[in-house]
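Subject: Handover of a structural model

Dear colleague,

Please find below the model that I am handing over to you. My notes on it come after the display.

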Amino acid sequence: MLAIKEEKLSLDELRDYASYFLERNYNVTLEIPITQNNRLTRSLGRYIHTIAGEPKGIQLSGRLLRYGTNNVIIDVLKHELIHYALHILGKPYKDGQPYFENELRKHGSPSTNTKRVGIYYVIQCTRCENKSLTKTKSVIKNIKNYRSRCCHSDLIHVANVIYDGETKVYV
């Protein structure tokens with residue numbers, strides 16, 4: 001079966017969606033930039049504000065924009081937009097706060113750290129053959145410097161996996 005590669009949404013299209021989403025659901029105007037940040041490695045996106053509480057922007061990781069499906073990109077964007085909207089409205093807007101988490105559920109947006117997107121490396125314990133994932137490339141480059149958590153034995157790199165937030169593909 002031939003897979004059809006979907007055309008990725010541009011940042012302009014994401015900004016248009018964000019404006020529509022905020023106005024329709026929160027009666028809030030988008031007044032901050034949405035940008036790509038290739039240095040985001042632990043998160044797929046983030047909402048940024050100053051220490052004084054002034055909204056500064058939303059950043060989406062390059063990994064998300066490169067490997068994520070359009071549905072997953074929109075879901076992560078909605079998550080960050082909900083942070084922004086609730087912050088503007090003076091409501092609880094931080095991850096883990098019940099009000100914020102209820103808003104995520106209401107809009108079908110994922111909680112933090114619930115989606116895998118990007119290249120992951122499958123490593124295996126040489127003693128018990130337990131497998132685990134890492135997204136840290138330096139582990140693979142220097143695998144002799146690492147030990148398994150299970151048996152404290154040597155590790156081997158067995159495969160690469162690309163996650164798009166919905167499915168995985170072995171490479």
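The notes below begin with the basis of the model and then turn to the chain, its helices and several individual residues.

This is a predicted model, in which local features need pLDDT of at least 70 and side-chain atom pairs count only at pLDDT 80 or more, while totals for chains, interfaces and linings use all residues. Residues are numbered from 1 along each chain as its sequence is written, and side-chain values use heavy atoms, with hydrogens and water left out.

The chain as a whole

The chain has five helices and seven strands; helices (H or I, at least four residues) and strands (E, at least two) are DSSP runs, numbered from the N terminus. In sequence order, the pattern is α-β-β-β-α-α-α-β-β-α-β-β. Taken along the principal axes, the C-alpha atoms of the chain fill a box of roughly 55 × 40 × 25 Å. Of the 171 residues in the chain, 42% are buried. Here, buried means under 20% relative accessible area, exposed over 50%, and partly exposed in between, with a 1.4 Å probe and protein chains only. Among contacts between residues at least 6 apart in sequence, 56% join residues at least 24 apart, where contact means heavy atoms within 4.5 Å.

Helix 1

Helix 1 comprises residues 11–26, which are 16 residues, and reaches 21 Å from its first C-alpha to its last, close to the 22 Å expected at 1.5 Å a residue. The expected span is 1.5 Å times one less than the number of residues in the helix. The buried residues in helix 1 include L14, A18, F21, L22 and Y26. They cover an arc of only 95° around the axis, which puts them on the same side of helix 1; the arc is that of the directions from the helix axis to the C-beta atoms. On the face turned away from this buried side, helix 1 carries the exposed residues D12, D16 and R24.

The buried residues of helix 1 pack against strand 1 (34–37), strand 3 (55–61), helix 2 (62–67), helix 3 and helix 4 (98–106). Just after helix 1, N27 takes a positive phi of about 55°.

Helix 3 (residues 70–88) has 19 residues, which at 1.5 Å a residue should span 27 Å; its end C-alpha atoms are 26 Å apart, which agrees. Helix 3 is mostly covered, with 17 of its 19 residues buried. Just after helix 3, G90 has a positive phi of about 75°.

Two packed helices are described by the angle between their axes and the distance between the axes. The axes are lines fitted to C-alpha atoms, for helices over the stretch in contact, and angles run from 0 to 180 degrees between N-to-C directions.

The axes of helix 1 and helix 3 come within 10 Å and cross at roughly 50°. That makes helix 1 oblique to helix 3; angles under 35 degrees count as roughly parallel, over 145 as roughly antiparallel, 65 to 115 as roughly perpendicular, and the rest as oblique. The residues L14, Y17, A18, F21, L22 and Y26 of helix 1 meet a set in helix 3 that includes I73, I74, L77 and L81.

Helix 3 and helix 4 pack at an angle of about 135°, with their axes 10 Å apart. The contact is made by H79, I82, H83 and L86 of helix 3 and by Y99, F100, E103 and L104 of helix 4.

Individual residues

The loop between helix 4 and strand 4 (117–125) contains G108. Leaving aside neighbours within four places in sequence, G108 is in contact with D75 and K78. The C-alpha atoms of G108 and R127 are 19 residues apart along the chain and separated by 42 Å.

N113 is also found in the loop between helix 4 and strand 4. Its phi is near 60°, a positive value in a residue other than glycine, and N113 is exposed, with a relative accessible area of 68%.

E129 lies in the loop between strand 4 and strand 5 (131–134). Although E129 is not a glycine, it has a positive phi of about 70°. E129 is exposed, with a relative accessible area of 54%.

K141 is found in helix 5 (residues 137–141) and is exposed, with a relative accessible area of 64%. The C-alpha atoms of K141 and I32, 109 residues apart along the chain, are separated by 39 Å.

Yours sincerely
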